[in-house]
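Subject: Structure handover

Hello,

Here is the structure I said I would pass on. Please open it beside this message and follow along.

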Amino acid sequence: MDPRHTDWSCAGLRWSTSGPALLWRHPARGERLSALPPQKRLAFATGARRLCTGVRRGGRHTPCPAAAEVPVAAVSAQCPECARLDRSHSVAADTALDDPRPYDVYLAWFGPHLVKVGITAAEREGVRLLEQAALSYALLGRGPLMAARRAEAVLGAALSVPDRFPYAAKRAARHPLPSQQRRTAELAELHARACALEGLPESLAVRAFAPVHHDAAFHLERLRPCDGTVELAAGCTVAGSVLAVVGPDVYLEEGDGRLLLVDGRQLAGWALTAAAPDAATTAAIRARQPDGPQALF
């Protein structure tokens, strides 16, 4: 991001094997990324409106033709029309069944009793699990899209393994942080049960159990319960140093030690400009409940 140009708009948080970054778009200059390593200073002011981010397909971005405004608190930064277009050819929405790429079936661990099954394109090399904020995961198998979908359905029916959880539950399960040993044990037990199932597609190449932990990628050792969650609105300022990034969540530490959580999904669609180096957060903060997860969750 170049804060001197107000035409840059934030397109949200993106993960890669190199780590998390904010994606920026400019009508003439294209796209840029700014990395979010720990201790990076982040200070910005929101613009007057939050606008639809349009549609990205096949590596190409198409702006929203109506430049529609989207609600400030919405997780999605797409207007209804762009969202419908986006899902008209989508693996997630089962409208792209002709995708020839190989797919991985995975077991993702978010917390005790919070293990889900899902699929992701093998070429993404596990980035989907970083995006989803999985603390640990293990691959079950690899095969064609329809075989992966079939395996996902078999696990759901035979073992009652869900394919999604409310995001509030994922956030709450990070504190206190469960040990790698516990995560490994629960994944291993479920992986063994899944491999023993009848009905897995023959075209799915089952993988040996090999857990992957995201402690280093997420800097989980730095985490502690947040003091509150930022509620973005027009014309507000957010400032702090990055403590850690987990999935879409950016943990920002203020100078006085207060720890705030910024949902990176809600940054998408805003024109953000750099705030002064000594700026303070003026955005509303939803306080954390004393005996549980934050009220916003």
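Below are the findings, going from the whole chain to single residues.

First, the source. This is a predicted model, in which local features need pLDDT of at least 70 and side-chain atom pairs count only at pLDDT 80 or more, while totals for chains, interfaces and linings use all residues. Residues are numbered from 1 along each chain as its sequence is written, and side-chain values use heavy atoms, with hydrogens and water left out.

The whole chain

The chain contains six helices and 17 strands. Both are DSSP runs numbered from the N terminus: helices are H or I with at least four residues, and strands are E with at least two. The C-alpha trace spans about 60 × 45 × 30 Å along its principal axes. What radius of gyration would a compact globule with 297 residues have? The value would be near 19 Å, and the chain, at 20 Å, agrees with that. Here the radius is taken over C-alpha atoms, and the globule rule is 2.2 Å times the number of residues to the power 0.38.

Of the 297 residues, 47% are buried. Buried means under 20% relative accessible area, exposed means over 50%, and partly exposed is in between (1.4 Å probe, protein chains only). The chain exposes about 14,100 Å², of which carbon and sulfur atoms supply 53%. These areas come from the Shrake-Rupley method with a 1.4 Å probe, and for residues only the protein chains shown count as cover.

Taking contacts between residues at least 6 apart in sequence, 68% join residues at least 24 apart. A contact means heavy atoms within 4.5 Å. For a pair that can be located by eye, take Met146 and Asp99: they are 47 residues apart in sequence, and their C-alpha atoms are 9.2 Å apart in space. Met146 lies in helix H3 (residues 145–159) and is partly exposed, at 46% relative accessible area.

Charges and salt bridges

There are 35 positive and 30 negative side chains, and the centres of the two sets lie 3 Å apart. Lys and Arg count as positive and Asp and Glu as negative; His and the chain ends are not counted. The place of a charge is taken as NZ of Lys, CZ of Arg, CG of Asp or CD of Glu.

How many salt bridges does the structure hold? It holds 20, where a salt bridge is a side-chain nitrogen of Lys or Arg within 4 Å of a carboxyl oxygen of Asp or Glu. Three of them are described here.

- Arg101 and Glu123 meet through their side chains at 2.8 Å, N to O. Arg101 lies in the loop between H1 and strand S7 (103–111) and Glu123 in the loop between S8 and H2, so the pair ties together parts that are 22 residues apart in sequence. Arg101 is partly exposed at 30%, whereas Glu123 is exposed at 55%.
- Glu189 and Arg193 form a salt bridge of 3.8 Å, N to O. Both lie in helix H5, four residues apart, about one turn of the helix. Glu189 is partly exposed at 44%, and Arg193 is partly exposed at 37%.
- Arg286 and Glu231 form a salt bridge of 2.6 Å, N to O. Arg286 belongs to strand S17 (residues 284–287) and Glu231 to strand S12 (residues 228–231), so this pair ties together parts that are 55 residues apart in sequence. Arg286 is partly exposed at 31%, and Glu231 is partly exposed at 27%.

Backbone details

Most residues other than glycine have a negative phi, and most peptide bonds are trans.

Ala67, not a glycine, has a positive phi of about 45°. This residue lies in the loop between strand S6 (60–62) and helix H1 (80–87) and is partly exposed at 38%.

Glu125 also has a positive phi, near 55°. Its place is in the loop between strand S8 (114–121) and helix H2 (127–131), and Glu125 is exposed at 60%.

Which kind of peptide bond joins His175 and Pro176? The bond is cis, with omega about -5°. Pro176 lies in the loop between helix H4 (167–172) and helix H5 (180–195).

Regards
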